Amino acid sequence: MAVLPIVTGDDQTILRTQTEKVPKVTKEILKLLRDMEDTVVQAKGAGIAGPQVGRSLRLCIALINEKYTPLINPDIVWKSEEEDTMEEGCLSLPGIWLPVTRPVSITVHYLNAKGKKQERKLEGMEARIVQHEVDHLEGVLIVDYQTAPLA
Ligand code: ZN
């Protein structure tokens with residue numbers, strides 16, 4: 001088990017940089033994903049993305065069906081028009097909770113840990129977690145959303 005240090009602060013370059021696609025699911029990538037899972041479990045997070053552990057790679061882990069699921073090269077290919085707003089936190093922004101408006105449902109394509117293409121339709125909290133993690137892969141953080149604060 002290896003818990004990795006989590007990069008914190010919205011001015012950190014790595015958190016603001018578009019990640020590179022994973023060219024191949026190698027042993028090193030699988031080891032990184034296992035370490036990321038250990039890290040998110042210890043931090044009691046709902047997900048974690050490569051840049052948060054200092055790796056600018058297009059991969060993340062998201063809690064789906066109560067299981068930490070690795071998503072390699074995830075791509076959100078469809079988003080519902082229906083949106084809702086909920087407060088979100090982020091392991092890279094300790095102590096900050098902000099309302100974020102997002103589509104309620106999405107379809108995401110990704111590779112699983114075996115390198116197999118997957119397609120999943122998600123809604124509610126799971127769709128929100130995956131959108132939050134995919135934002136990290138584009139250098140986007142919750143502080144970038146201009147949702148009006150709840151009065
Ligand atoms: Zn986050």
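Glu-138 touches Thr-17, Gln-18 and Arg-58, leaving aside residues up to four places away in sequence; contact here means heavy atoms within 4.5 Å. Glu-138 and Arg-58 sit 80 residues apart in sequence, yet their C-alpha atoms are 8.7 Å apart in space. You'll find Glu-138 in the segment after helix H2 (125-137). Helices (H or I, at least four residues) and strands (E, at least two) are DSSP runs, numbered from the N terminus.

A word on the ground rules: this is a predicted model, where local features need pLDDT of at least 70, side-chain atom pairs count only at pLDDT 80 or more, and totals for chains, interfaces and linings use all residues. Residues are numbered from 1 along each chain as its sequence is written, and side-chain values use heavy atoms, with hydrogens and water left out.

Now for the metal. The zinc ion is coordinated by Cys-90 (SG), His-132 (NE2) and His-136 (NE2), at 2.0 to 2.3 Å. Cys-90 lies in the loop between strand S4 (83-88) and strand S5 (98-103) while His-136 is in helix H2, so the pair ties together parts that are 46 residues apart in sequence. The donor spacing along the chain reads C-x41-H-x3-H. Donors are N, O and S atoms within 2.8 Å of the metal (3.2 Å for Na, K and Ca), and water is not among the atoms, so sites may look incomplete.

Buried means under 20% relative accessible area, exposed over 50%, and partly exposed in between (1.4 Å probe, protein chains only).

| Residue | Relative accessible area | Class |
|---|---|---|
| Asp-35 | 10% | buried |
| Cys-90 | 10% | buried |
| His-136 | 1% | buried |
| Glu-138 | 32% | partly exposed |

Asp-35 belongs to helix H1 (residues 27-43) and touches Ala-2 and Leu-4, again not counting residues up to four places away in sequence.

On to the sheet: 5 strands form an open sheet in the order S1-S2-S3-S6-S7, with antiparallel pairing. Strand S1 (47-49) and strand S7 (117-123) stand at the edges with a single partner strand each, so one side of each is left without a neighbour in the sheet. Two strands pair if DSSP finds at least two bridges between them; S2 (residues 59-64) and S3 (residues 67-79) have 6 bridges. Ile-64 stands opposite Lys-67 in S3.

H1 packs on the sheet, touching S1, S2 and S3, and its direction makes about 45° with that of S2. H2 lies across S1, S2, S3, strand S6 (105-111) and S7, running at about 165° to S2. For these angles, axes are lines fitted to C-alpha atoms, for helices over the stretch in contact, and values run from 0 to 180 degrees between N-to-C directions.
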